[in-house]
Amino acid sequence: MGTSYKYKCDECGYEEEFFVGGRLMTKDYKKRTEEAEEELRSAVLYGKYGETVRQLIKNEREKMYVNCDTDLYQCMECRQFSVQIAKEMSLNQKDFTLTIEFRHECPGCHSTLLRKTRGSITFCPKCKMFTAQLVSIGKF
Ligand SMILES: [Zn+2]
Ligand SMILES: [Zn+2]
């Protein structure tokens, strides 16, 4: 099941719909997700994200949960939306859950992307005003 988010801006007429997730929907999506998870695991084990994270994954391998579903992100610099594969790992311990989220780069300006907080209002990618509204959430 995937989710669609539709944003609309009354100031400039911007309107766009984004589709994320869909893990159970197609074989292709599942394959891509699994590949992304594997890639992330190996990158971490090769020390791409630093020694602390590497040790953690190495020692707690069985308890790590990797999430590489797609999600909607927005760039805080140029305000562009983009659908990216989430790169997230979490470790469930007795009394806490540790979540590591890896940095995403904006395809447009290379700034850091933030995962959309599902707020109903955000900056418009077109006119850059704080006027873009989440008008509908759908399932596909
Ligand atoms: Zn950007
Ligand atoms: Zn606008």
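This is a predicted model: local features need pLDDT of at least 70, side-chain atom pairs count only at pLDDT 80 or more; totals for chains, interfaces and linings use all residues.
What geometry does the site of the zinc ion (ligand 2) have, judged by the angles among its four donor atoms? Residues are numbered from 1 along each chain as its sequence is written, chains are lettered from A and ligands numbered from 1 in the order in which they are written, and side-chain values use heavy atoms, with hydrogens and water left out.

Now, the zinc. Its protein donors are the SG atoms of C9, C12, C124 and C127, at 2.2 to 2.3 Å from the ion. A donor here is an N, O or S atom within 2.8 Å of the metal (3.2 Å for Na, K and Ca), and water is not among the atoms, so sites may look incomplete. The angles run from 106 to 114°, and that makes the site tetrahedral. For comparison, the ideal angle for four tetrahedral donors is 109.5 degrees.

Along the chain, the donors follow the spacing C-x2-C-x111-C-x2-C. C12 sits in the loop between β1 (2-9) and β2 (15-21), and C124 in the loop between β9 (121-122) and β10 (132-139), so this pair, 112 residues apart, links distant parts of the chain. Helices (H or I, at least four residues) and strands (E, at least two) are DSSP runs, numbered from the N terminus.

Is C124 buried or exposed? C124 is buried, at 0% relative accessible area, whereas C12 is partly exposed at 26%. Buried means under 20% relative accessible area, exposed means over 50%, and partly exposed is in between, with a 1.4 Å probe and protein chains only.

β1 and β2 pair in the antiparallel sense over seven bridges; for strands to pair, DSSP has to find at least two bridges between them. One example is K6, whose bridge partner in β2 is E17. The two strands form a hairpin with five residues between them, and G13 in the turn has a positive phi of about 85°.

Next, charges. Side chains of opposite charge can pair when their charged atoms come close. How many salt bridges does a search of the whole structure find? There are six, counting a side-chain nitrogen of Lys or Arg within 4 Å of a carboxyl oxygen of Asp or Glu. Here are some of them:

- E51 and R54 have their closest N and O atoms 3.2 Å apart. Both lie in helix α2 (residues 51-59), three residues apart, about one turn of the helix. E51 is partly exposed at 45%.
- K63 pairs with E60, with a closest N and O separation of 3.0 Å. K63 is partly exposed at 43%, while E60 counts as buried at 19%.
- E105 meets R103 at 3.7 Å, N to O. E105 is partly exposed at 40%, and R103 is partly exposed at 48%.

The C-alpha atoms of D69 and G22 are separated by 8.2 Å, although the two residues are 47 residues apart along the chain.

Technical notes: Four donors count as tetrahedral if all angles lie between 85 and 135 degrees; four count as square planar and six as octahedral if opposite donors are over 155 degrees apart and all others between 65 and 115; anything else is irregular.
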